[in-house]
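Visitor: Could you walk me through this one slowly? I am new to reading structures and would like to start with the strands.

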Amino acid sequence: TEYTGVPMKDLLDDAGLLPSANGITVYAPDGWAQYHPLNYDSDIEMYHVYGNIPGKTYQYPPAVYYYSEEADLNQNSDYGWCDYSAPSCTGRSNGDAIFVQNELKAILAVTRDGAYLDTGVLTDENKLDGEGPFRVVVPQKNPTPPDQSAKSDKQDVIWPYTDDWDHNAGSCSRSATIIRIEPMPEGTTDIDVLEAGWTYVDQEKIIIYGAIDGTDSNGNGILDSEEKTGETADYDKDGIPDYKDTDTALLRQSKGLETIMIHSAKGDLADVAAFGEDDPSIIENGKPAIVFPYGALRFNITGINPGDSVEVAIMYPEDVPTYAEYYKITETGWQQIDFTSNNGDNIIKIKLKDGDPATDGDGIANGIIVDPGALGIPDEPADTGGGDSGTCFIMTLMK
């Protein structure tokens with residue numbers, strides 16, 4: 001089986017670990033818990049998150065493809081124990097090295113053999129079924145063949161059950177909902193993992209807490225660990241680094257690791273977040289059937305006078321086609337609004353007016369502009385000559 005997802009290291013780096021952090025405990029909604037050290041541990045059952053194996057150039061050793069007709073369920077229905085029907089098995093032969101770009105590492109998986117993970121549910125037998133929307137998957141520290149089940153009466157086979165072989169599946173947490181970074185700082189409130197878990201499954205969220213640096217220098221809702229892309233980055237040249245500037249925010253977009261920057265020409269940014277355009281919290285009314293390569297953004301603009309208009313600049317990782325569209329998401333639905341600037345580079349500008357029902361999410365002139373919105377890319381207009389930039393833009397982001 002081939003899992004793909006986000007490296008756990010990247011996830012934890014964004015959370016901002018404290019120097020005291022030494023491991024993580026992963027929780028599933030049925031109460032299952034699994035501990036992983038941050039760094040390599042010689043214990044065969046301890047699967048690490050950071051760093052390479054001592055003396056090696058890799059975090060986890062390369063994988064090997066093992067095939068046996070005797071083990072193949074489709075060739076040996078009597079006592080076979082391996083299902084080789086997965087797409088990731090196609091074209092491989094016994095002993096082949098399995099190449100993984102950027103090498104194997106512990107990941108928060110979102111797909112299995114190219115399909116999104118089945119959402120975890122609690123069965124009538126009070127057992128967890130399914131493994132999504134997220135699963136923590138760790139590779140083998142010592143790659144071994146897939147041995148026969150320990151419960152099988154037939155052990156006179158090519159790969160009989162061997163107790164000291166590396167059975168990493170038991171350390172891969174299905175339907176992971178909570179990651180607690182150990183040790184918990186003194187005075188930190190813990191989460192009731194059993195009561196909270198199923199809610200996070202339904203919301204398709206994962207919670208990270210514990211020994212993390214919760215510093216948010218500009219108070220916009222994005223931690224410095226995510227926002228601090230450069231100590232001296234200063235978009236508006238006002239002498240205040242962006243991660244400290246209350247009118248600027250930098251955050252990961254919802255569909256990748258690239259950063260989006262938001263700058264308000266007036267007031268302060270607050271409650272900034274990125275989320276998918278299909279998030280359950282977003283109204284569907286009026287949503288166009290076009291590509292939203294970065295999902296949606298949410299931010300509030302505070303500290304302005306009631307009825308003020310504010311120009312907002314948004315910088316994306318890629319150039320934005322001139323035929324792109326920006327949609328405000330209000331209580332009544334999706335509404336397209338005009339740009340004040342979109343000249344084909346990676347910065348767009350829009351104007352929002354406090355109390356304007358078309359550009360202020362709450363439609364109330366109260367000195368706060370509420371802005372859920374999303375950048376959309378429609379089909380390229382026919383009169384652009386088959387233009388390249390827009391098509392390349394979409395294809396690059398969807399790879």
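This is a predicted model: local features need pLDDT of at least 70, side-chain atom pairs count only at pLDDT 80 or more; totals for chains, interfaces and linings use all residues.

Visitor: Okay, so in what order do the strands of the open sheet come?
Guide: The open sheet has five strands, and going across it they are ordered β13-β14-β17-β21-β20, with antiparallel pairing.

Visitor: And which strands stand at the edges?
Guide: Those are β13, residues 248-252, and β20, residues 339-341. Each has a single partner strand, so one side of each is left without a neighbour in the sheet.

Visitor: How much are neighbouring strands turned against each other?
Guide: On average the angle between neighbouring strands of this sheet is 30°, with direction ignored.

Visitor: Can we zoom in on β14 and β17; over how many bridges do they pair?
Guide: Strand β14, which covers residues 259-264, pairs with β17 over four bridges in the antiparallel sense. If you look for H263, you will find A313 of β17 standing opposite.

Visitor: Switching topic: how many aromatic pairs does the structure hold?
Guide: There are seven aromatic pairs in the structure. One of them joins Y67 and Y84 in an edge-to-face arrangement, with 4.6 Å from centre to centre and 65° between the planes.

Visitor: Where in the chain do those two sit?
Guide: Both Y67 and Y84 lie in the loop between β4 (63-64) and β5 (97-98), and the pair links distant parts of the chain, 17 residues apart. Y67 is partly exposed at 27% relative accessible area, whereas Y84, at 13%, counts as buried.

Visitor: What about Y294 and Y316, why is that pair called stacked?
Guide: Their ring centres are 5.0 Å apart and their planes meet at 25°, so the pair is stacked. This pair also links distant parts of the chain, 22 residues apart, with Y294 in the loop between β15 (268-275) and β16 (296-302) and Y316 in the loop between β17 (309-315) and β18 (325-330).

Visitor: Are Y294 and Y316 buried or exposed?
Guide: Y294 is buried, with a relative accessible area of 2%, and Y316 is buried as well, at 3%.

Visitor: Back to Y67 for a second, which residues form the aromatic cluster?
Guide: The cluster is made up of Y65, Y67 and Y84.

Visitor: Last one: what sits over the ring of Y79?
Guide: That is the charged end of K154, which lies 5.2 Å from the centre of the Y79 ring.

Methods. Residues are numbered from 1 along each chain as its sequence is written. Side-chain values use heavy atoms; hydrogens and water are left out. Rings of Phe, Tyr and Trp (its six-membered ring) pair if their centres lie within 6.5 Å; planes under 30 degrees apart count as stacked, over 60 as edge-to-face and the rest as tilted. Buried means under 20% relative accessible area, exposed over 50%, partly exposed in between (1.4 Å probe, protein chains only). A charge sits over a ring if NZ of Lys or CZ of Arg is within 6 Å of the ring centre and within 35 degrees of the ring normal. Two strands pair if DSSP finds at least two bridges between them. Axes are lines fitted to C-alpha atoms, for helices over the stretch in contact, and angles run from 0 to 180 degrees between N-to-C directions.
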